[in-house]
Amino acid sequence: MEDTFEQLSLLVNFGLPLLVLLIAYFIGSAIERRHFHKIMAREEALHGFPVVSFDTMPEDWNASSATMVTGSIVISLDYFKRVIAGLRGLVGGRIKTYEPLLERARREALLRMSESAREQGYDAVFNVRLETSRLANASREGKGTAGVEMLAFGTAVKLANRLG
């Protein structure tokens, strides 16, 4: 009877938290996949809208007006990715678990910037730049990272000789 109680206690103490972590991992993965699908659909809708990193406007673009446009996103770092990155930090090397997070942030920031330009009636964006900043986790006295902000900005132009 006492052995059964100890086994049940071990199962509850270790099995239940592990089950919760596994469920959270799969839910997080599903959310990430869904976000990637939405990003791809929005990118397809913006296909043909010029967004370039040239620091000077191409000569054949005859701009009638210009303004700065931005797009930003803050993405929280997943607990699992933080743990795996911490382990990877012990031995060094590439932290593969962060790559999808940063790719989503980069693509989302560029999309928000491009959508903002299009909504304001602009025809293209040049001189596009990306900036990242780490958001410190205040509960740990500024140590560690709570999330990442990705900012995309560029110069949106209305073209007198409209592209098309």
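This note sets out numbered points on the fold, the strand pairing and selected residues of the structure.

1. Basis of the model. The model is predicted, with local features requiring pLDDT of at least 70 and side-chain atom pairs counted only at pLDDT 80 or more, while totals for chains, interfaces and linings use all residues. Residues are numbered from 1 along each chain as its sequence is written, and side-chain values use heavy atoms, with hydrogens and water left out.

2. Secondary structure. The chain contains 3 helices and 3 strands, arranged along the sequence as α-β-α-α-β-β. Helices (H or I, at least four residues) and strands (E, at least two) are DSSP runs, numbered from the N terminus.

3. Overall dimensions. The radius of gyration of the chain is 23 Å, whereas a compact globule of 164 residues would have a value near 15 Å. This radius is taken over C-alpha atoms, and the globule rule is 2.2 Å times the number of residues to the power 0.38. The C-alpha trace spans about 85 × 30 × 25 Å along its principal axes.

4. Burial and surface. Of the 164 residues, 28% count as buried; buried means under 20% relative accessible area, exposed over 50%, and partly exposed in between (1.4 Å probe, protein chains only). The accessible surface comes to about 11000 Å², and carbon and sulfur atoms contribute 59% of that area. Accessible areas come from the Shrake-Rupley method with a 1.4 Å probe; for residues, only the protein chains shown count as cover.

5. Contacts along the sequence. Among contacts in the chain with a separation of 6 or more, 79% are between residues 24 or more positions apart. A contact means heavy atoms within 4.5 Å.

6. Strand pairing. Strand S3 (residues 147–159) is antiparallel to S1, to which 13 bridges join it. S3 is also antiparallel to S2, here through 10 bridges. Two strands pair if DSSP finds at least two bridges between them.

7. Gly71 is in strand S1 and is buried, at 4% relative accessibility. Not counting residues up to four places away in sequence, Gly71 touches Ala109, Arg112, Met113, Met150, Leu151 and Ala152. Ser116 belongs to helix H3 (residues 99–119). The C-alpha atoms of Gly71 and Ser116 are separated by 7.5 Å, although the two residues are 45 apart along the chain. Ser116 is classed as buried because its relative accessible area is 19%. Leaving aside neighbours within four places in sequence, Ser116 is in contact with Val69 and Thr70.

8. Ser64. This residue lies in strand S1 (residues 63–76). Ser64 counts as exposed because its relative accessible area is 54%. Residues up to four places away in sequence aside, Ser64 touches Lys158, Leu159 and Ala160. The C-alpha atoms of Ser64 and Val51, 13 residues apart along the chain, are separated by 17 Å.

9. Asn127. Most residues other than glycine have a negative phi. Asn127 is located in strand S2 (residues 124–135) and counts as partly exposed, at 23% relative accessibility.
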